[in-house]
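I opened the model today to look up a few things and keep notes as I went. The entries follow in the order I made them.

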Amino acid sequence: MTDKSNDKHQQRQQKVKEQVDARVAAAQDVKGIFQVITGNGKGKSTSGFGVVARCVGHGKKAAVCQFIKGTWECGERNLLQGAGVEFAVMNTGFTWDTQNKEADTAAAQATWQESKRMLADSSIDLVLLDELTYMVTYGYIDLDEVVNALNNRPPMQSVIITGRAAHRTLTDLADTVSEVRNVKHAFDSGIKALEGFDY
(Lines give C-alpha, C1' and ligand atoms only; values in the text may rest on other atoms or scores of the structure.)
Protein backbone atom coordinates (compact mmCIF):
# COMPACT_ATOMS: atom_id res chain seq x y z
CA MET A 1 0.00 0.00 0.00
CA THR A 2 1.44 3.38 -0.98
CA ASP A 3 1.75 6.24 1.49
CA LYS A 4 -0.92 8.18 -0.43
CA SER A 5 -3.49 5.35 -0.36
CA ASN A 6 -2.65 4.68 3.29
CA ASP A 7 -3.29 8.36 4.09
CA LYS A 8 -6.69 8.22 2.34
CA HIS A 9 -7.59 5.03 4.20
CA GLN A 10 -6.60 6.63 7.50
CA GLN A 11 -8.68 9.74 6.75
CA ARG A 12 -11.76 7.61 5.91
CA GLN A 13 -11.36 5.54 9.06
CA GLN A 14 -10.93 8.68 11.16
CA LYS A 15 -14.27 9.99 9.85
CA VAL A 16 -15.90 6.66 10.68
CA LYS A 17 -14.38 6.75 14.17
CA GLU A 18 -15.68 10.27 14.77
CA GLN A 19 -19.20 9.23 13.72
CA VAL A 20 -19.13 6.13 15.93
CA ASP A 21 -17.70 8.07 18.89
CA ALA A 22 -20.46 10.69 18.51
CA ARG A 23 -23.17 8.00 18.53
CA VAL A 24 -21.63 6.33 21.59
CA ALA A 25 -21.46 9.67 23.41
CA ALA A 26 -25.11 10.40 22.57
CA ALA A 27 -26.37 7.04 23.91
CA GLN A 28 -26.58 7.85 27.60
CA ASP A 29 -29.90 6.32 28.73
CA VAL A 30 -29.35 3.38 31.08
CA LYS A 31 -32.28 0.97 31.34
CA GLY A 32 -33.26 -2.62 30.73
CA ILE A 33 -33.66 -3.41 27.05
CA PHE A 34 -36.66 -5.08 25.42
CA GLN A 35 -35.80 -7.06 22.30
CA VAL A 36 -38.01 -9.01 19.91
CA ILE A 37 -36.41 -11.68 17.71
CA THR A 38 -38.87 -12.69 15.02
CA GLY A 39 -39.08 -13.84 11.41
CA ASN A 40 -39.38 -17.15 9.57
CA GLY A 41 -35.71 -18.10 9.74
CA LYS A 42 -33.90 -20.53 12.02
CA GLY A 43 -32.02 -19.22 15.05
CA LYS A 44 -34.41 -17.01 17.02
CA SER A 45 -34.38 -19.08 20.20
CA THR A 46 -30.67 -19.79 19.77
CA SER A 47 -29.98 -16.06 19.62
CA GLY A 48 -32.01 -15.49 22.78
CA PHE A 49 -30.15 -18.26 24.59
CA GLY A 50 -26.87 -16.68 23.51
CA VAL A 51 -27.83 -13.50 25.36
CA VAL A 52 -28.82 -15.57 28.40
CA ALA A 53 -25.36 -17.17 28.35
CA ARG A 54 -23.76 -13.73 28.02
CA CYS A 55 -25.79 -12.47 30.99
CA VAL A 56 -24.79 -15.40 33.19
CA GLY A 57 -21.18 -15.08 32.02
CA HIS A 58 -21.15 -11.58 33.53
CA GLY A 59 -22.37 -12.93 36.87
CA LYS A 60 -25.92 -11.68 36.37
CA LYS A 61 -29.18 -13.53 36.90
CA ALA A 62 -31.33 -14.80 34.01
CA ALA A 63 -34.57 -16.75 33.79
CA VAL A 64 -36.32 -18.47 30.86
CA CYS A 65 -39.92 -19.34 30.05
CA GLN A 66 -40.28 -21.79 27.17
CA PHE A 67 -43.53 -22.01 25.27
CA ILE A 68 -44.34 -24.52 22.46
CA LYS A 69 -41.19 -26.68 22.33
CA GLY A 70 -41.23 -27.91 25.92
CA THR A 71 -41.24 -31.67 25.28
CA TRP A 72 -38.04 -31.64 23.23
CA GLU A 73 -34.65 -32.30 24.76
CA CYS A 74 -33.05 -28.85 24.99
CA GLY A 75 -29.26 -28.59 25.02
CA GLU A 76 -29.38 -24.95 26.11
CA ARG A 77 -31.62 -25.82 29.06
CA ASN A 78 -29.32 -28.69 30.05
CA LEU A 79 -26.36 -26.32 30.14
CA LEU A 80 -27.94 -23.18 31.56
CA GLN A 81 -29.84 -24.85 34.40
CA GLY A 82 -26.46 -26.08 35.60
CA ALA A 83 -25.35 -22.43 35.64
CA GLY A 84 -28.28 -21.45 37.87
CA VAL A 85 -30.75 -20.24 35.23
CA GLU A 86 -34.38 -20.85 36.27
CA PHE A 87 -36.63 -22.39 33.62
CA ALA A 88 -40.42 -22.55 33.41
CA VAL A 89 -41.46 -24.88 30.60
CA MET A 90 -44.91 -25.25 29.04
CA ASN A 91 -44.15 -28.95 28.39
CA THR A 92 -46.89 -29.60 25.86
CA GLY A 93 -44.89 -29.51 22.65
CA PHE A 94 -46.09 -28.18 19.32
CA THR A 95 -49.76 -27.23 19.05
CA TRP A 96 -50.17 -29.29 15.87
CA ASP A 97 -49.19 -32.36 17.94
CA THR A 98 -51.49 -31.71 20.90
CA GLN A 99 -54.52 -30.56 18.86
CA ASN A 100 -56.22 -29.59 22.10
CA LYS A 101 -56.82 -25.85 22.43
CA GLU A 102 -58.25 -26.05 25.94
CA ALA A 103 -55.26 -27.99 27.30
CA ASP A 104 -52.79 -25.81 25.40
CA THR A 105 -54.42 -22.64 26.72
CA ALA A 106 -54.27 -23.94 30.31
CA ALA A 107 -50.59 -24.89 29.89
CA ALA A 108 -49.79 -21.52 28.32
CA GLN A 109 -51.56 -19.69 31.14
CA ALA A 110 -49.66 -21.67 33.79
CA THR A 111 -46.35 -20.80 32.14
CA TRP A 112 -47.45 -17.19 31.69
CA GLN A 113 -48.05 -16.94 35.46
CA GLU A 114 -44.40 -17.95 35.95
CA SER A 115 -43.41 -15.37 33.34
CA LYS A 116 -45.29 -12.62 35.18
CA ARG A 117 -43.56 -13.57 38.44
CA MET A 118 -40.16 -13.34 36.72
CA LEU A 119 -41.07 -10.03 35.07
CA ALA A 120 -41.89 -8.59 38.51
CA ASP A 121 -38.67 -9.81 40.17
CA SER A 122 -36.03 -7.06 40.35
CA SER A 123 -33.32 -9.62 41.17
CA ILE A 124 -33.62 -11.07 37.63
CA ASP A 125 -31.53 -9.13 35.11
CA LEU A 126 -32.81 -10.88 31.97
CA VAL A 127 -35.98 -12.80 31.12
CA LEU A 128 -36.23 -14.82 27.91
CA LEU A 129 -39.81 -15.52 26.80
CA ASP A 130 -39.07 -18.14 24.17
CA GLU A 131 -41.79 -18.62 21.52
CA LEU A 132 -44.22 -16.28 23.30
CA THR A 133 -45.34 -14.75 19.99
CA TYR A 134 -47.34 -17.89 19.15
CA MET A 135 -49.23 -17.72 22.44
CA VAL A 136 -50.40 -14.19 21.61
CA THR A 137 -51.25 -15.11 18.00
CA TYR A 138 -53.33 -18.13 19.09
CA GLY A 139 -55.09 -16.12 21.81
CA TYR A 140 -53.75 -18.32 24.64
CA ILE A 141 -52.26 -15.25 26.34
CA ASP A 142 -53.81 -11.79 26.21
CA LEU A 143 -51.66 -9.21 24.41
CA ASP A 144 -52.66 -6.40 26.79
CA GLU A 145 -51.52 -8.52 29.74
CA VAL A 146 -48.14 -9.04 28.10
CA VAL A 147 -47.76 -5.32 27.38
CA ASN A 148 -48.76 -4.45 30.96
CA ALA A 149 -46.19 -6.88 32.41
CA LEU A 150 -43.48 -5.51 30.12
CA ASN A 151 -44.28 -1.89 30.95
CA ASN A 152 -44.30 -2.56 34.70
CA ARG A 153 -41.16 -4.69 34.96
CA PRO A 154 -38.18 -3.45 37.02
CA PRO A 155 -36.40 -0.61 35.18
CA MET A 156 -33.08 -2.45 34.78
CA GLN A 157 -34.57 -5.79 33.73
CA SER A 158 -34.06 -6.76 30.09
CA VAL A 159 -36.50 -8.99 28.20
CA ILE A 160 -36.25 -10.98 24.98
CA ILE A 161 -39.32 -12.37 23.21
CA THR A 162 -38.80 -14.84 20.37
CA GLY A 163 -41.07 -16.42 17.78
CA ARG A 164 -42.52 -15.93 14.32
CA ALA A 165 -45.05 -13.24 13.43
CA ALA A 166 -44.50 -11.01 16.45
CA HIS A 167 -47.52 -8.78 17.00
CA ARG A 168 -47.00 -5.21 15.77
CA THR A 169 -47.72 -3.89 19.26
CA LEU A 170 -44.72 -5.83 20.60
CA THR A 171 -42.36 -4.73 17.84
CA ASP A 172 -43.47 -1.11 18.31
CA LEU A 173 -42.83 -1.35 22.06
CA ALA A 174 -39.43 -3.04 21.69
CA ASP A 175 -36.12 -1.19 21.86
CA THR A 176 -34.51 -3.64 19.43
CA VAL A 177 -36.21 -5.82 16.81
CA SER A 178 -34.29 -8.44 14.86
CA GLU A 179 -35.85 -10.34 11.99
CA VAL A 180 -34.35 -13.71 11.07
CA ARG A 181 -34.94 -14.42 7.39
CA ASN A 182 -35.05 -17.93 5.99
CA VAL A 183 -32.76 -18.26 2.97
CA LYS A 184 -32.29 -22.03 3.06
CA HIS A 185 -33.07 -24.74 5.64
CA ALA A 186 -31.73 -28.29 5.82
CA PHE A 187 -35.15 -29.63 6.82
CA ASP A 188 -36.59 -28.48 3.48
CA SER A 189 -34.08 -30.79 1.78
CA GLY A 190 -35.20 -33.74 3.90
CA ILE A 191 -32.35 -33.53 6.44
CA LYS A 192 -33.38 -34.64 9.93
CA ALA A 193 -32.93 -32.30 12.92
CA LEU A 194 -29.60 -33.03 14.58
CA GLU A 195 -29.05 -33.21 18.33
CA GLY A 196 -26.43 -30.72 19.44
CA PHE A 197 -27.05 -28.55 16.37
CA ASP A 198 -30.80 -28.07 15.95
CA TYR A 199 -31.82 -28.71 19.57
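**Entry 1: a serine contact.** With which side chain does the side chain of Ser45 make a polar contact? I found Asp130, at 2.4 Å. For a polar contact I take a pair of N or O atoms within 3.5 Å; within protein, one must be able to donate a hydrogen and the other to accept it, and residues adjacent in sequence count only if both atoms are side-chain atoms. Ser45 sits in helix H2. Ser45 counts as buried because its relative accessibility is 11%. My terms here are buried for under 20% relative accessible area, exposed for over 50% and partly exposed in between, with a 1.4 Å probe and protein chains only.

**Entry 2: ground rules.** This is a predicted model, so local features need pLDDT of at least 70 and side-chain atom pairs count only at pLDDT 80 or more, while totals for chains, interfaces and linings use all residues. Residues are numbered from 1 along each chain as its sequence is written, and side-chain values use heavy atoms, with hydrogens and water left out.

**Entry 3: the whole chain.** I noted eight helices and six strands. Helices (H or I, at least four residues) and strands (E, at least two) are DSSP runs, numbered from the N terminus. From that end the order reads α-β-α-β-α-β-α-α-β-α-α-β-α-β. The C-alpha trace spans about 70 × 45 × 35 Å along its principal axes. Of the 199 residues, 37% are buried.

Entry 4: Rolling a probe the size of a water molecule over the atoms shows where empty space is left. I work on a 1 Å grid over the protein atoms alone; a pocket is an open set of points where a 1.4 Å probe fits, with protein on both sides within 12 Å along at least five of seven lines, and lining residues have an atom within 4 Å of a point. Grid points are joined across faces, edges and corners, and the volume is the space filled by probe spheres set on the points. The second largest pocket holds about 390 Å³.

Which residues lie nearest its centre? I wrote down Val51, Cys55, Asp125, Leu126 and Ser158, from a lining of 18 residues. Strand E1 (34-38), helix H2 (44-57) and strand E5 (158-162) each give at least two residues to that lining. By class I have nine nonpolar, five polar and four charged. Ala, Val, Leu, Ile, Met, Phe, Trp, Tyr, Cys and Pro count as nonpolar, Asp, Glu, Lys and Arg as charged, and the others, Gly among them, as polar.

**Entry 5: cysteines.** How many disulfides does the structure hold? I found zero, using sulfur atoms within 2.5 Å as the cut-off. Cys65 is in no disulfide either; the nearest cysteine sulfur to it belongs to Cys74, 13 Å away. Cys55 is buried at 9% relative accessibility, and Cys65 is buried at 0%.

**Entry 6: aromatic rings.** I counted three aromatic pairs. Rings of Phe, Tyr and Trp (its six-membered ring) pair if their centres lie within 6.5 Å; planes under 30 degrees apart are stacked, over 60 edge-to-face and the rest tilted. Phe49 and Phe87 are stacked, at 6.2 Å centre to centre with 20° between the planes. This pair links distant parts of the chain, with Phe49 in helix H2 and Phe87 in strand E3 (residues 86-89), 38 residues apart. Phe49 is buried at 4% relative accessibility, and Phe87 is buried at 13%. Tyr134, Tyr138 and Tyr140 form one aromatic cluster.

**Entry 7: positive phi.** Glu131 is not a glycine, yet its phi is positive, about 70°. I place Glu131 in the loop between strand E4 (126-130) and helix H6 (132-137). Ala165, also not a glycine, has a positive phi of about 50°. Ala165 is in the loop between E5 and helix H8 (168-173). Buried or exposed? Glu131 is buried, at 6% relative accessibility. Ala165 is exposed, with a relative accessible area of 54%.
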